[in-house]
Amino acid sequence: MIFVVGSTGSGKSALAMELAARCSGEIVNCDSLQLYRGFDIGTAKPPVAERRGIPHHLFDVVSPQLSYSAGEYAREARRILAEITGRRRVPVVVGGTGFYLRALLNGLPSLPDRDQDLRGRLLAREQKRPGSLHKILYRLDEKSATAIHANDVQKAMRALEIRLLTNAPRPATGPAEPLAGYSALKIGLDPERAALNRRLDRRVVEMFERGLLDEVRALLADGLTGGEKPFESLGYKQAIAHLRGAMTADEAIASTQLQTRQYAKRQRTWFRRETEVRWIEAFGDEASAIAAAGRMQDEFFESLEQAPAK
């Protein structure tokens with residue numbers, strides 16, 4: 001199978017479709033937000049009309065009211081991978097959620113199940129005092145807290161939940177089960193940072209111009225409260241703040257641009273730690289990147305054909 005990874009805005013979806021078209025591939029989403037139904041503009045979800053007839057999996061599969069863990073993603077993605085290869089087609093996994101990718105490849109150790117009563121109490125505390133969960137986690141388990149961004153409420157909540165349920169810092173876990181039976185080509189996109197930042201800034205403006213605020217209004221009109229997990233993401237939380245009078249439209253755009261650039265930098269740092277990634281220093285929709293990735297793809301399949309049978 002093939003992986004296309006990199007920062008947001010680097011052109012992963014465009015390149016993944018090019019590669020899938022060359023090898024009878026099917027695309028598997030590895031973006032935690034594109035899983036959610038109704039969250040389209042702010043997640044840069046590929047519109048159905050632009051998918052070139054290529055099957056896409058794990059898009060629009062989760063209700064916004066539900067949480068979705070990396071473990072759940074890994075189990076469902078592995079099932080889909082087996083179905084794709086059972087059809088003698090090639091899975092092309094694309095996305096920028098590094099922890100989901102790692103869960104898919106390496107598996108996750110077994111941990112306590114979610115405790116909805118406890119999570120409800122923790123969420124209520126966080127809503128009353130923003131940032132309090134991360135502060136409590138830091139006092140109880142400094143090592144876990146330092147690995148989680150202070151604004152990542154979901155990860156802080158899960159780490160604190162595990163700490164409280166087990167009464168131990170970083171509890172012992174069961175063994176993880178790595179994904180077996182696949183050869184993988186990992187392609188990473190790493191365009192020049194200043195060019196990426198300019199593209200990200202333009203994309204944010206275009207998101208708002210294409211109707212991000214109308215999309216959020218429609219989601220709220222359908223019964224969502226604005227407190228659901230997808231609304232914590234970039235663009236959506238600023239849109240909510242603007243609609244509720246906490247930000248002007250210009251402030252919402254500027255905030256989204258700044259935080260998106262920061263997020264892209266963190267993604268790059270994460271993926272640079274991944275092993276065996278072959279990097280292309282261009283955007284995925286550029287001819288040079290498409291040509292380079294095509295050569296990598298051809299070499300990859302040729303090496304598999306020449307490998308001795310096991």
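1. Leu58 sits in the loop that runs between β3 and α2, the latter spanning 70-86. The model is predicted, and the backbone here deserves a look: phi of Leu58 is near 65 degrees, which is a positive value in a residue other than glycine.

2. Is Leu58 buried or exposed? Its relative accessible area is 5%. Buried means under 20%, so Leu58 is buried.

3. A second residue with a backbone angle to check is Ala44. Its phi is positive, at about 55 degrees, although Ala44 is not a glycine. Ala44 belongs to the loop between β2 (25-29) and β3 (56-57).

4. Relative accessibility of Ala44 is 31%. The range for partly exposed lies between the buried limit of 20% and the exposed limit of 50%, and Ala44 therefore counts as partly exposed. Leu58, by contrast, is buried at 5%.

5. Which residues form the positive surface patch? They are Arg125, Lys128, Arg129, Lys135 and Arg139. Two elements, α4 (116-128) and α5 (132-140), each give two or more residues to this positive patch.

6. Arg139, one of the patch residues, is placed in helix α5. The relative accessible area of Arg139 is 63%. Exposed means over 50%, so Arg139 is exposed.

Methods
Residues numbered from 1 in each chain as written. Predicted model: local features only at pLDDT ≥ 70, side-chain atom pairs only at ≥ 80, totals over all residues. Heavy atoms only, no water. Helix = DSSP H or I, 4+ residues; strand = E, 2+ residues; numbered from the N terminus. Buried < 20%, exposed > 50% of the residue type's maximum accessible area, 1.4 Å probe, protein only. Patch = residues over 30% accessible without salt bridge, like charges linked within 9 Å, V, L, I, M, F, W, Y side chains within 5 Å. Areas by Shrake-Rupley, 256 points an atom, 1.4 Å probe, with all protein chains shown as cover. Salt bridge = Lys/Arg side-chain N within 4 Å of Asp/Glu carboxyl O. Lys, Arg positive; Asp, Glu negative; His and termini not counted. Charge placed at Lys NZ, Arg CZ, Asp CG, Glu CD.
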